Amino acid sequence: MKRWTYAGVAKTLSAAALVGFGAQAMAADVTWDRLMNADKDANNWLMYHQSFKGWHHSGLDQIKADNVKNMRVAWLHTPAASKRGIQSFPLAADGVLYYTSSSGQVWALDGASGDVIWRYQAKIDTERAEGTFYNPYSRGLAIAYGKVYIGTTDGRMIALDQKTGKVVWDNVIMSVEKGNKGFTGAPLVVKDNVIIGSNGGELSGCCGPIFAVNAQSGEVAWQFDTIGGDERSRQSWGNDSWKIGGGGGWMTGQYDPKTNSVWWGTANPAPDYDWAGENWKTEGPRPGENLYSSSVVVLDADSGELKSYFQEMPHDAWDFDSAVGEFMQFEKGGKRYMMHPNKGGIIFVYNADDLGGGKALKVENAYMVGETYNYIKGVDPKTGQLIGRRELPEGKHTNVCPAIDGAISWNTGAYNPGTGLLYKVVQEWCFDIEVVKADKPADFSGQAYFGASWTATHPQGKQAYGTVQARDPLSGKIKWRVEFKYPPLASLLSTKGNLVFVPGADGKFTALDARTGKVLWEHNNGIGHHGGVISYMAKGKQYIAVVSGWGSHVSGNYGPLFGHPFTDMPTDAGQLIVFSL
């Protein structure tokens, strides 16, 4: 088996910014006050999850259900290279659109015309970056204090001048001494710091760190290790297996200002798949519950100290981790809630205020949104505990549902406060898997650590499919569902104009009526989507911006499952496409 390691001394590498021509829109400073009030700012999209409520909802209604049929392409932008497509979430500030494409590219564009203001190209240490399975993924950026922040696949954080794209600082944040990892998710600005989590759940490294980096200097302010960071975690990994435990938090979490808490979802343990079967508590390569993998952790925003946690998948045997970054805040009946989905197709509703002392989060409800699952029989709505686990001991197992890629992926849903509905993509597919005993790698080696091989399959009796579901986010009661022939992989957007935008896997970009699910508009963007979609205002006009491009690890299932158009879809192309009336 190949060892995924990095040799040599990590360096801070330089790159150039290309400044555009002509009179361009210019964004004002994004202050902490602006970020705190982003939910009231319909004209802009200032952070990955739009606001600290995390609703992925736009308050603009110039484009609405009764005129969306007139929406057309306003402009588009094609980046210089788009290996594996574009998975980024654009941001919009004062008429300027920012987004990342593959291999460390960052663009600033005039939001009304698409004219280039500046472009930045990071110089990536490819030896280190390609020691992960996610090169060259880049899922977004953050803006604040006159700077644009990005994480890189070779473990660096970079701050660019928001007006010019020139490098302010470029720091190596993640050491390789405990296993080779990098960053693929968008950073989150929280007061004076920028928070970002590492990838590497499939690597025999440690300890899946989440970092807070000073927004002005780039120095690490605190670090929380998702594996082995405290005695409770170490004791939950038999035979000191935490030293090769994987973990991390590769998607963008959330901040709750009321409790000054950072909520973050964590990744799967290593090895990915465990041949111990029902004896996982005492046998196999990682005996025990494996805290805090496949969990939600709640951290003090100033110190990184663990306030509370909940392990959504104790001893994750299926790669149904909780690194999904979607955390939505709700208030009802005088109580505050935090909603979080995981890859197993479960939505957990937590008490947002019952925190502290490192105790387990209080589960207020838990409900299944997947329709073809058989890895468990269900989930206890009062405790969030899994019911009737299907273990996967050494050997072959057929029709395990959902597939490794989950009933829910990293893409986010959306919530409309007008309809009171949560809109969520759910994927229905399965896989055949053979679990094997993998050789134990050296501690902290960063070597790939898998205990299985698999093939994606259709659920028994029908083709794989996807749905967009509209539910009450707290009770889980379903209002409507729309079935898609091909499971969507991109995030959703809700708008005040009673629209839900769905970027499809086959290239179709669809607008649904948020109240009924009726298809109101569709445009063929020519290639699949697995990135973000936002809305913003520029020069008095509302725009809808979506990224296209195909080629992720998950999208690799579509050719074998469905054939055309995915067998003919390029994996080295993508665009930012912007629509308006």
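Trainee: Which strands each supply at least two residues of the lining of the largest cavity?

Mentor: Please keep in mind that this is a predicted model. The strands are β6 (105–110) and β9 (147–151), each of which supplies at least two residues of that lining. The largest cavity is lined by 14 residues, and S103, G104, S138, G151 and T152 lie nearest its centre. About 100 Å³ of space lies in this cavity.

Trainee: What makes a space a cavity rather than a pocket?

Mentor: In a cavity a 1.4 Å probe fits but cannot get out, whereas a pocket is an open set of points. A search of the whole structure finds four cavities of 30 Å³ or more.

Trainee: How do the residues of the lining of the largest cavity divide into nonpolar, polar and charged?

Mentor: There are five nonpolar and nine polar residues in that lining, and no charged ones. Gly counts as polar here.

Trainee: What is known of the second largest cavity?

Mentor: About 80 Å³ of space lies in the second largest cavity. Its lining is made of 13 residues, and the closest to its centre are M47, Y48, P187, L188 and V189. Strands β8 (142–144) and β12 (188–190) each supply at least two residues of the lining. By class, the lining has 10 nonpolar, three polar and no charged residues.

Trainee: In which sheet does β12 take part?

Mentor: Strand β12 belongs to an open sheet of four strands, in the order β12-β13-β14-β15, with antiparallel pairing.

Trainee: Why are β12 and β15 said to stand at the edges?

Mentor: Each of β12 and β15 (220–225) has a single partner strand, so one side of each is left without a neighbour in the sheet. On average, neighbouring strands of this sheet are turned by 25° against each other, direction ignored.

Trainee: How do you know that β12 and β13 pair?

Mentor: Two strands pair if at least two bridges are found between them. Strands β12 and β13 (residues 193–197) have three bridges in the antiparallel sense, so they meet the condition. Within this pairing, V190 stands opposite N193 in β13.

Trainee: How many aromatic pairs does the structure hold?

Mentor: It holds 38 aromatic pairs. One of them is formed by Y98 and W118, at 6.2 Å centre to centre, with 50° between the planes.

Trainee: What makes the pair of F348 and Y350 stacked?

Mentor: The planes of F348 and Y350 are 5° apart, which is under 30 degrees, so the pair counts as stacked. Their centres are 6.0 Å apart. F348 is buried at 0% relative accessibility, and Y350 is buried with a relative accessible area of 0%.

Trainee: Which residues do ring pairs link into a cluster?

Mentor: The cluster consists of W429, Y486, W550, Y558, F562 and F566.

Trainee: Finally, which residues are closest to the centre of the largest pocket, and what is its volume?

Mentor: The largest pocket has a volume of about 460 Å³. Of its 27 lining residues, Y134, E202, D405, H553 and V554 are the closest to its centre. The lining divides into 10 nonpolar, nine polar and eight charged residues.

Key: Residues numbered from 1 in each chain as written. Predicted model: local features only at pLDDT ≥ 70, side-chain atom pairs only at ≥ 80, totals over all residues. Heavy atoms only, no water. 1 Å grid on protein atoms, 1.4 Å probe; cavity = no way out; pocket = protein on both sides within 12 Å on 5 of 7 lines; lining within 4 Å. Points joined across faces, edges and corners; volume = space filled by probe spheres on them. Axes fitted to C-alpha atoms, helices over the stretch in contact; angles between N-to-C directions. Phe/Tyr/Trp six-rings, centres within 6.5 Å; stacked < 30°, edge-to-face > 60°. Buried < 20%, exposed > 50% of the residue type's maximum accessible area, 1.4 Å probe, protein only.
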